[in-house]
Amino acid sequence: MNYDKIIATAAQEMRASGIRKFFDIAAEMKDCISLGVGEPDFKTPWAVRDAGIRNLEMGQTRYTSNSGMKELRTEICKYLDRRFGLHYDPNSQVLVTVGGSEAIDIGIRALVSPGDEVIIPEPCYVCYDPITHLTGGKVVSIPLQEKNQFRLTAEELKAAITPRTKMLILPFPCNPTGAVMEKEDLEAIAEVLRGTDIMVLSDEIYAELTYGADRHVSIASLPGMAERTIVVNGFSKAYAMTGWRLGYVVGPAPVIKIMTKIHQSCIMCAPTTSQMAAITAMRECDDEIDMMRDEYNRRRRLLVKSFNDMGLSCFDPKGAFYVFPCIKSTGMTSDDFCKELLYKKRVAIVPGTAFGESGEGYARVSYAYSVEHLVEALSRIREFLQELKEGKA
């Protein structure tokens, strides 16, 4: 069999995840410290685990509605109203998915036809580009600038829009940079989009993990934007529920209806036990979110100060749980820097280029790890930089 001819061209050309490559190498190394994967080191709150166990013991393991349990969809709407001032109808504007990743996938597939253009600010999460290519859409990348704190500006957006533009992906708080869009930034973006037929896919999986006086603002909360925005969120980051594989998407009823049709065909419904547990998460665990965010903030400050002190300039990220230090001063490419650090000091971080070409010269470091791990990793990175300076590395 000639599988090169059999396998779909778009699937063959998909970019493999640069995150997993380094994670897989690190997993085989003895005494390696991996700061490469964006997974909370906290355990899922006990109340949530207990709810999952209890419902399993009661035998509540059957399929749910394709859209997700009505009780959960109602809690999602209450949560979004309570935390972010977003208002949705649980009967027609909410779809529960297998993680936020499925929501992104079917959101792009529901809206993007071959030849449509999708604007993607980069560096960004690795899945937007390959999913767009699978639909036959064309990616229009906007390289974000550190001088703008890796925020998307209205001027950059205007310059990227063409008559073929169908969607803007808005990935904030951002993986990998930790950048956020403040309300005034979003208002400028909204002004560009009002009166167009361009849809926004706002990936807000890190919405609860923002630092400073201002809470996360969703672009869907601004006048005239709810009708043109689908908001993706989930339980993995805020509630430390990565393995439960549960997310959701909210948006205009006609779009959610089409997304649900795709979901019906490829998934059926999200895991029942996870849905049961998530109801408890949304009802009882606001305090757990706040506790985890406070601890992440402590680690964030540690990493930003440490990288700046060791000569790798690092802007102050206000969201997610990543820092994005600049490694240009070493004279190495991002890929070479991360490989050398991995093999010589057994510390795994991710090259910025895993998140798009504009990530060259940077590396992503996750602080979803214990302070002890972070301190040891920082010590090894400091040693590596010193050896580079002395020509020993």
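Helix H13 has a buried set made up of Ser 334, Phe 337, Cys 338, Leu 341, Leu 342 and Lys 345 (buried means under 20% relative accessible area with a 1.4 Å probe, protein chains only). Down the helix axis, these residues sit within an arc of 125°, so they line one face of H13; the arc is taken from the directions from the axis to the C-beta atoms. Keep in mind that this is a predicted model, where local features need pLDDT of at least 70, side-chain atom pairs count only at pLDDT 80 or more, and totals for chains, interfaces and linings use all residues. Numbering starts from 1 along each chain as its sequence is written, and side-chain values use heavy atoms, leaving out hydrogens and water.

**More on H13**
- The helix covers residues 334–345 and spans 16 Å from first C-alpha to last, close to the 16 Å expected at 1.5 Å a residue (1.5 Å times one less than the number of residues).
- Helices (H or I, at least four residues) and strands (E, at least two) are DSSP runs, numbered from the N terminus.

**The sheet**
- Three strands form an open antiparallel sheet in the order E9-E12-E11; strands pair if DSSP finds at least two bridges between them.
- E9 (322–323) and E11 (350–351) are the edge strands, each pairing on one side only.
- E11 and E12 (residues 363–366) run antiparallel and are joined by 2 bridges, with Pro 351 partnering Ala 363 of E12.

How values were computed: Buried < 20%, exposed > 50% of the residue type's maximum accessible area, 1.4 Å probe, protein only.
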